[in-house]
Amino acid sequence: MSSNFKTPLSVYVLYDKDNTKGSETYEKIYHLLCRNSSRPFEDGLDIPVFFRTDMANQIPPIDINFSNKTIAILLVDDNMYCNTIWDEYIKELLVKEDNGALKIFAVKLSKYAFDINPLLQEEQFICLKNENIETDWHEFQIRLYDNILRYLKSYKVGQKLKLFISHSKKDKDHLGESTAISLRDYLRSDTKLDSFFDVNDILDGHQFAQQIQSGIASSLLVIIESDTYSEREWCRIEAISGKKNNVPSILVNVLNGVSSRTFPYLGNMPKIRFNGKWDDVIILLLRTALDQYYEKEYLEQLVMKCDLQNTSILPVPPELMNLINIEDNIKVSSINSIYPLVSDSRTL
């Protein structure tokens with residue numbers, strides 16, 4: 001990669017040298033956001049992830065010029081809280097954050113974590129049920145993905161990620177509707193995510209179709225594939241709307257009988273069989289969204305740097321729907337498309 005090419009995002013994991021789980025946690029976050037080095041042929045997000053710790057009474061600085069946006073993840077345990085070196089280092093990070101150079105996310109791993117620096121707001125902390133990343137790993141992944149996505153997409157303070165839950169209400173056993181209700185309730189009680197669920201989220205006096213399509217375009221899409229989903233016109237419209245707007249989408253399979261047809265545009269997206277655990281579904285959706293958004297920004301910079309004329313960007317592997325969208329939106333005689341491969345394509 002060229003030395004003056006910046007990635008859209010880089011992540012630094014900061015932990016005290018006496019944190020016995022620090023190195024292990026860094027490795028897990030590296031595998032989560034970059035790639036698993038023990039599985040070289042498995043696709044990763046390829047977000048650069050580095051670590052910083054206190055060695056020889058000093059902590060190496062964070063390179064804020066490596067990427068367009070930089071995240072510092074502080075693993076605040078008792079060791080970091082009691083270390084004056086970290087106190088000074090965090091003060092410097094807060095100055096950089098005030099200048100817009102990076103974003104700090106602190107993980108509360110000590111009952112004293114909130115007191116590590118008065119300028120580090122409680123809202124910046126990822127607070128886990130047991131203050132233990134290892135035992136709260138699924139919860140940590142959801143909170144981490146959520147925070148990174150909102151930062152990458154420049155969300156306003158307090159603005160939540162929203163999930164559009166597409167489902168059928170016409171199953172004989174009402175499985176599609178009951179599953180959607182279960183997901184909505186989980187989002188409200190166990191996450192900081194929002195949802196667009198059904199007619200109750202449609203404002204009076206506004207066109208139904210426009211609000212549905214607008215809701216999808218501004219959300220992440222969860223498709224609940226029940227027995228009658230593909231038969232329902234509005235379900236198909238919602239799925240197509242997600243494709244047209246390049247909305248990160250996943251399919252949750254809850255089939256409980258015979259489906260009379262399979263809607264072809266339910267393909268080309270991650271699919272998971274619902275096992276009763278919504279955290280697995282949410283992790284897959286947020287990871288899919290982060291992969292798609294990061295890939296899109298990366299490829300946009302690549303197109304600009306290489307001055308690639310008449311080039312469209314597909315954040316997902318191509319299919320008929322997004323190829324048709326390219327032809328509709330770009331009226332030129334010759335169009336080139338670039339899109340991510342399963343293997344690592346980020347080399348200049």
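# Cores and ring pairs in a predicted model

The largest nonpolar core holds 59 residues, and those with the most contacts inside it are Leu-9, Leu-33, Phe-140, Val-252, Ile-282, Leu-286 and Leu-290. Helix α8 (residues 278-306) gives the largest share of this core, 13 residues. A nonpolar core is a set of buried Ala, Val, Leu, Ile, Met, Phe, Trp, Tyr and Cys residues joined through side-chain atoms within 4.5 Å. This is a predicted model: local features need pLDDT of at least 70, side-chain atom pairs count only at pLDDT 80 or more, and totals for chains, interfaces and linings use all residues. Residues are numbered from 1 along each chain as its sequence is written, and side-chain values use heavy atoms, leaving out hydrogens and water.

**Overall build**

- The protein has nine helices and twelve strands. These are DSSP runs numbered from the N terminus: helices are H or I with at least four residues, strands are E with at least two.
- Of its 348 residues, 49% count as buried. Buried means under 20% relative accessible area, exposed over 50%, and partly exposed in between (1.4 Å probe, protein chains only).
- Among contacts with a separation of 6 or more, 71% join residues 24 or more positions apart. Contact means heavy atoms within 4.5 Å.

**Around Phe-140**

- Setting aside neighbours within four places in sequence, Phe-140 is in contact with Ile-29, Val-107, Ile-126, Leu-128 and Ile-133.

**Aromatic pairs**

- The whole structure contains 14 aromatic pairs. Rings of Phe, Tyr and Trp (its six-membered ring) pair if their centres lie within 6.5 Å; planes under 30 degrees apart count as stacked, over 60 as edge-to-face and the rest as tilted.
- Trp-137 and Phe-140 have ring centres 5.7 Å apart and planes at 25 degrees, so they are stacked. They are three residues apart in helix α4 (residues 137-152), which puts about one helical turn between them. Both Trp-137 and Phe-140 are buried.
- Phe-164 and Phe-196 are also stacked, at 5.0 Å centre to centre with 15 degrees between the planes. Phe-164 lies in strand β6 (residues 162-166) and Phe-196 in strand β7 (residues 194-196), so this pair ties together parts 32 residues apart in sequence. Phe-164 and Phe-196 are both buried.
- Tyr-15, Tyr-26, Tyr-30 and Phe-51 form one aromatic cluster.

**Charges over rings**

- Lys-28 lies over the face of Trp-137, at 4.1 Å from the ring centre. A charge sits over a ring if NZ of Lys or CZ of Arg is within 6 Å of the ring centre and within 35 degrees of the ring normal.
- The charged end of Lys-108 sits over the ring of Phe-114, 5.3 Å from its centre.
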